[in-house]
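Hi,

Here is the structure I promised to send over. Have a look at it first, and then read on for what turned up when I went through it.

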Amino acid sequence: MNIWMFVFMIFPFAGLAYALWHIWCVLPLANGWKWAVIAICTVSFLSLFLNFSRSIEKMPLKLASIVYEIGNSSIFILLYVVIIFLLLDIGRLVHLVPKTLLYSNIYTSAGVFLLLIAVFAYGNMHYADKQRHTYDLPTDKPLKRELRVVMMSDLHLGYHNRREELARWVDLVNKEHPDIILIGGDIIDISVRPLIETGMAEEFRRLNAPVYACLGNHEYYAQEELAQRFYDEAGITLLRDSVVTVGDVCIIGRDDRTNVHRKSIGALMRNADKSKYLILLDHQPYHLEQAERYGIDLQFSGHTHHGQVWPISWITESIYENAYGPYRRGMTRYYVSSGIGIWGGKFRIGTCSEYVVATIHKQQ
């Protein structure tokens, strides 16, 4: 186990211990009630690891969905609880917050609880509001006509993003009357099971344009062979280190970097028609200079979620050359989507869930 994996595993437990200690101190309750609150918080957090261990695969679908939502939401709630108590502790150290506010205080307890309710209610409502973003793509390459392309990434369909949500997204896409639909990976969250049992393939088949997708890292978590079978049933053309020409557009779908043996962009370009408008689907937006080097017109990626909630968005912005939105290097344009879906808890705080409507047209 390397040092970063150790830090990744220990940090949530350290945060949990810190939060539980402060909850114990601040609650103006008898010890029995405090232990009950601590137990509920701990069980909620530990249910996150049931999701990672695949134990929910053995549960009835409805129960599995409940366990998934509680466990995966808890990590985001824990983050904000830690932030709140850190701010209170810093305030106490600089003598701005009286010590009495942190011990058996009904006003602090109620204030923290109501603040968390407000923040996560907003985050959930903001997640449900899917943003429509447009992207203008002029080109000097030959086009018989203007093309409308709807681009999505990170649907994360499964135990939390269920069929009724997918149906709403399909309706949004169909209203755009696209010529092509592109999906930049992570259609599946952690398991194909809920997609199959709820018949989500039927929703994809309602899309009124051809759909092309690349793999994301979560397809590997869900087993990429099972993902491939689902995409075949759903009518999705999976481009896995492969190239397809659709009219005046050449779409290059790169396998996810989870596969260390995936082909390079240079190798894939040998099968690409360079006279066409070149679109690269590559789930994780690393090494953007490679698309520029090989003359790609547009690279579409996802994966980052733009951090999903603040302040994680600051971390993704420090990791990636472009963590979100449109970008340009030389003649190559990029769009890194924050995703229409989401991993874990359904909260967007300081970020948005989106789909992109791109128009490819002749340069004026």
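Before anything else, one cut-off you'll need: a residue counts as exposed when its relative accessible area is over 50%, as buried when that value is under 20%, and as partly exposed in between. Also keep in mind that this is a predicted model.

At 48% relative accessibility, S104 is classed as partly exposed. The backbone also has a cis peptide bond, from W310 to P311, with omega near 10°. P311 is in the loop between β9 (298-301) and α12 (312-319). I mention these spots since most residues other than glycine have a negative phi, and most peptide bonds are trans.

Now the inside. The largest nonpolar core has 35 residues, and M152, L155, L157, I183, F204, F230 and Y231 have the most contacts within it. Several elements each give this core at least two residues, among them β2, α5, β3 and β12 (353-362). Apart from it there is another core of 25 residues, including I38, V82, V119 and F120. As background, nonpolar side chains tend to be buried together in soluble globular proteins.

I183 lies in strand β3 and is buried, with a relative accessible area of 0%. Leaving aside residues up to four places away in sequence, I183 touches M152, L155, F204, V211, Y212, A213, C214 and L281. M152, counted the same way, touches V173, I181, L182, I183, G184, F300, I340 and Y355.

Helix α5 (residues 163-174) provides the largest share of the lining, 4 residues. By type, the lining residues are 8 nonpolar, with no polar and no charged ones.

There is also the second largest pocket, with a volume of about 790 Å³. Its lining runs to 30 residues, of which I23, C41, I77, V81 and L116 lie nearest the centre. Helices α1 (3-26), α2 (31-53), α3 and α4 (106-128) each supply at least two of the lining residues. The lining splits into 25 nonpolar, 4 polar and 1 charged.

On to charges. Searching the whole structure gives 21 salt bridges.

- E176 and R148 meet with N to O at 3.2 Å. E176 is in the loop between α5 and β3 and R148 is in strand β2 (residues 147-152), so this pair ties together parts that are 28 residues apart in sequence. E176 is buried, with a relative accessible area of 9%, whereas R148 is partly exposed at 30%.
- D89 pairs with R92, with the closest N and O atoms 3.9 Å apart. Both are in helix α3 (residues 61-93), and because they are 3 residues apart there, about one helical turn separates them. D89 is buried at 11% relative accessible area, while R92 is partly exposed at 30%.
- R329 and E321 form a salt bridge with the closest N and O atoms 2.7 Å apart. R329 is partly exposed at 23%, and E321 is partly exposed at 38%.

Beyond those pairs, salt bridges that share partners link E69, R162, E164, E165 and K346 into one network.

Cheers

Terms used
Residues are numbered from 1 along each chain as its sequence is written. This is a predicted model: local features need pLDDT of at least 70, side-chain atom pairs count only at pLDDT 80 or more; totals for chains, interfaces and linings use all residues. Side-chain values use heavy atoms; hydrogens and water are left out. Ala, Val, Leu, Ile, Met, Phe, Trp, Tyr, Cys and Pro count as nonpolar, Asp, Glu, Lys and Arg as charged, and the others, Gly among them, as polar. A salt bridge is a side-chain nitrogen of Lys or Arg within 4 Å of a carboxyl oxygen of Asp or Glu. Buried means under 20% relative accessible area, exposed over 50%, partly exposed in between (1.4 Å probe, protein chains only). A nonpolar core is a set of buried Ala, Val, Leu, Ile, Met, Phe, Trp, Tyr and Cys residues joined through side-chain atoms within 4.5 Å. Contact means heavy atoms within 4.5 Å. On a 1 Å grid over the protein atoms alone, a cavity is a set of points where a 1.4 Å probe fits but cannot get out, and a pocket is an open set with protein on both sides within 12 Å along at least five of seven lines; lining residues have an atom within 4 Å of a point. Grid points are joined across faces, edges and corners, and a volume is the space filled by probe spheres set on the points.
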